[in-house]
Amino acid sequence: MRAWGRWTAAIGLVVATVGCHNPLGRQYEYEEQLYLGVDGAAQTVIDASIPALIALRGLPIDIGSRTSIDREQIRKIFSEAGCTNVRVGQPWVRRGRRFVQIRVAAPDVRQLQTCKPLSWSTYTFERTGNVIHYAQ
């Protein structure tokens with residue numbers, strides 16, 4: 001009876017593991033999040049694989065599999081592309097692909113469109129009394 005219980009537990013564990021998915025949601029190759037303050041200040045957080053940054057934003061990053069990610073090179077590429085206040089986080093690897101987080105801050109959300117990697121979008125921000133109008 002004890003062996004039967006172990007087999008049942010093992011099979012249940014396998015079924016549960018196969019049926020599981022990421023409880024935090026889907027994992028993407030490229031994700032942009034915009035945090036907007038009521039004063040119009042903004043911060044964009046980009047979590048992306050290196051190939052996605054190259055394909056989607058045309059960034060000249062070396063993708064050699066043996067080279068480590070040069071955070072300063074990525075910060076410089078974004079700064080030279082018109083982005084202000086750029087921070088590049090510690091790189092990580094997921095399923096064999098290299099990822100990095102880039103944070104771009106601006107005192108006015110409308111300035112983000114002067115940052116070439118973010119220029120795919122336009123931003124408007126207006127305050128009229130106590131009402132804020134924002135569109136992206």
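The legends below describe close-up views of a predicted model.

**Figure 1. Helix H3 and its buried face.** Helix H3 comprises residues 71–80. Within H3, the residues Ile-74, Ile-77 and Phe-78 are buried. Viewed down the helix axis, the buried residues of H3 fall within an arc of 95°, so they line one face of the helix. An α-helix has 3.6 residues a turn, so residues three or four places apart point the same way. The cover over these buried residues includes strand S2, helix H2 (50–57), strand S3 (86–88) and strand S5.

**Figure 2. The two ends of helix H3.** At the start of H3, Asp-70 places a side-chain oxygen within 3.1 Å of the backbone nitrogen of Glu-72. Just after H3, the backbone of Gly-82 adopts a positive phi of about 95°.

Figure 3. Arg-75 is partly exposed, with a relative accessible area of 29%. Glu-72 is likewise partly exposed, at 46%. Side chains of opposite charge can pair when their charged atoms come close.

**Figure 4. The salt bridge between Arg-97 and Glu-29.** The structure holds five salt bridges. In one of them, Arg-97 pairs with Glu-29, and the closest N and O atoms are 3.0 Å apart. Arg-97 lies in strand S5 (residues 97–106), whereas Glu-29 lies in the loop between helix H1 (2–19) and strand S1; the pair therefore ties together parts that are 68 residues apart in sequence. Arg-97 has a relative accessible area of 35% and is partly exposed. Glu-29 also counts as partly exposed, at 34% relative accessibility.

**Figure 5. The salt bridge between Asp-108 and Arg-110.** The side chains of Asp-108 and Arg-110 meet in a salt bridge with an N to O distance of 2.8 Å. The two partners fall into separate classes of accessibility: Asp-108 counts as buried because its relative accessibility of 18% is under the 20% limit. Arg-110 is partly exposed, with a relative accessible area of 37%.

Figure 6. Pro-51 is a residue of helix H2. At 32% relative accessibility, Pro-51 counts as partly exposed. When neighbours within four places in sequence are left aside, Pro-51 is in contact with Arg-97 and Arg-98. The C-alpha atoms of Pro-51 and Arg-98 are 8.3 Å apart in space, although the two residues are 47 residues apart in sequence. Arg-97 is also the salt-bridge partner of Glu-29.

Figure 7. Val-38 is located in the loop between strand S1 (30–36) and strand S2 (42–49). Val-38 counts as exposed because its relative accessibility of 60% is over the 50% limit.

**Figure 8. Ala-135 in strand S7.** Strand S7 spans residues 131–135 and includes Ala-135. Ala-135 counts as partly exposed, at 38% relative accessibility. Apart from neighbours within four places in sequence, Ala-135 is in contact with Thr-122, Tyr-123 and Thr-124. Ala-135 and Phe-125 are ten residues apart in sequence, and their C-alpha atoms are 6.8 Å apart in space.

Figure 9. Most residues other than glycine have a negative phi. Asn-85 is not a glycine, yet has a positive phi of about 50°. This residue, Asn-85, lies in the loop between H3 and S3. With a relative accessible area of 55%, Asn-85 is exposed. Arg-95, also not a glycine, has a positive phi of about 50°. Arg-95 lies in the loop between strand S4 (92–94) and S5. At 78% relative accessibility, Arg-95 counts as exposed.

How values were computed. Residues numbered from 1 in each chain as written. Predicted model: local features only at pLDDT ≥ 70, side-chain atom pairs only at ≥ 80, totals over all residues. Heavy atoms only, no water. Helix = DSSP H or I, 4+ residues; strand = E, 2+ residues; numbered from the N terminus. Buried < 20%, exposed > 50% of the residue type's maximum accessible area, 1.4 Å probe, protein only. Salt bridge = Lys/Arg side-chain N within 4 Å of Asp/Glu carboxyl O. Arc of directions from axis to C-beta. Contact = heavy atoms within 4.5 Å. Polar contact = N/O pair within 3.5 Å; in protein donor to acceptor, adjacent residues only side chain to side chain.
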